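Hello,

Here is the structure I said I would pass on. Please open it first, then read the notes below it.

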Amino acid sequence: MLHKASRIPTVLVTGSNGQVGFELRRSLVPLGRVVALDRKACDLTNIDVLRDVVRSVRPDVIVNPAAYTAVDKAETETELAFAINGTAPGVLAEEARALGSLLVHYSTDYVFAGTGDKPYVESDAVGPLSVYGKSKLAGEQAIAEAGGAAIVLRTCWVAGAHGGNFAKTMLKLGRERDSLRVIADQFGAPTTASLIADVTAHIIDRAWLHGDRMEFPGGVYHLAAAGEASWHGYATEVLRYAASKGVELKVDPEAIEPIPATAYPLPAPRPSNSRLSTRKLRETFDINLPAWQQGMHYLLDQLLP
Ligand SMILES: NC(=O)c1ccc[n+]([C@@H]2O[C@H](COP(=O)([O-])OP(=O)(O)OC[C@H]3O[C@@H](n4cnc5c(N)ncnc54)[C@H](OP(=O)(O)O)[C@@H]3O)[C@@H](O)[C@H]2O)c1
């Protein structure tokens, strides 16, 4: 019996060498033809090239994990941060709309002021404290203004096997230093790049490629692992797990000193409360989000010798 040949969808991924971009190269492969481009092949500061790339690839879906993520440097490189995080996502949204394609973009807990201790829901008032947060908010707004089918996944405290992150830094310092002091009054959910990439693939597959496009529930969603921790709790879990796997540490995981954020001043202010409510995402797309420790253990299993 002959089956009707179906067209294989094309998915364009920017920033393919970042933490999330790297994992997307794995998670999106079963969906179709993945065209994953790094900064050299698709520079978000060059709008003409960006438009040309999208017009020549003609993707069914654009996934945009590329971003200016140097939070402290953004305080002085304001223009560059806004070009990459603010202007370029709007251009991608315009191009996606012209093609009738879906844009998937990532944003951050830094769009909030981080007051209180309740998990933020998507409709809560924004109030970024830093240039980075403001530039990411500008990207969200540019996408909304462009119209078309788009989904923005706000995430937090990302760690992946590829690229630099807090978990890797703690592993390194735990081996090298005699003592560690870590901030204990900022809270969020450590979220692995692989979880973000897997959820992205699930949404695209179920809701866009095999769903009713007229009914596609676009908009902003919060995506983070379940549970919460302070940076201090996060560091303790990383070193405890490493020790349980036989890694020789100079620092006793139970002896990491908790300090207030005021004792570790940085150029860009950070939100104290990075808790994100993920109920909307879980209920809309039937997604289970595991406890952050589960993802972290899986990541550490890849990182540990
Ligand atoms: N990391 C976090 O904790 C965190 C928290 C909340 C939200 N997010 C958001 O999650 C998304 C993914 O973050 P991530 O952790 O995967 O970031 P990442 O590891 O820093 O990766 C960002 C990627 O963007 C690329 N890039 C930078 N400037 C570019 C340009 N002008 N043109 C094209 N590509 C450019 C970088 O290229 P190079 O490899 O050449 O540098 C890098 O590969 C971003 O939207 C970020 O804002 C991240």
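**Around the ligand**

Strand S4 supplies the largest share of the shell around the ligand, with three residues. Keep in mind that this is a predicted model. S4 spans 102-108, and helix H1 (19-27) and helix H4 (131-146) also give at least two residues each to that shell.

The ligand has 24 residues around it, and those that come nearest are Arg39, Leu44, Thr69, Tyr132 and Lys136. Sorted by class, the shell holds twelve nonpolar, nine polar and three charged residues.

In the side chain of Thr69, an N or O atom is 2.6 Å from an oxygen atom of the ligand. At Leu44 the backbone takes part: one of its polar atoms is 2.8 Å from a nitrogen atom of the ligand. Tyr106 also has a backbone N or O atom, 3.3 Å from a ligand oxygen. On its own the ligand has 900 Å² of accessible area, and the protein covers 82% of that.

In soluble globular proteins, nonpolar side chains tend to be buried together. Here the largest nonpolar core has 67 residues, and Val63, Tyr234 and Leu281 have the most contacts inside it. Helix H6 (residues 193-209) gives the most to this core, eleven residues. Leaving aside residues up to four places away in sequence, Leu281 touches several others, including Leu153, Val199, Ile203, Tyr221 and Leu289. Another core lies apart from the largest one; it has 30 residues, among them Cys42, Val54, Val57 and Ala81.

Regards

Note on methods: Residues numbered from 1 in each chain as written. Predicted model: local features only at pLDDT ≥ 70, side-chain atom pairs only at ≥ 80, totals over all residues. Heavy atoms only, no water. Near = heavy atom within 4 Å. Polar contact = N/O pair within 3.5 Å; in protein donor to acceptor, adjacent residues only side chain to side chain. Areas by Shrake-Rupley, 256 points an atom, 1.4 Å probe, with all protein chains shown as cover. Helix = DSSP H or I, 4+ residues; strand = E, 2+ residues; numbered from the N terminus. Nonpolar A, V, L, I, M, F, W, Y, C, P; charged D, E, K, R; others polar. Core = buried A, V, L, I, M, F, W, Y, C linked by side-chain atoms within 4.5 Å. Buried < 20%, exposed > 50% of the residue type's maximum accessible area, 1.4 Å probe, protein only. Contact = heavy atoms within 4.5 Å.
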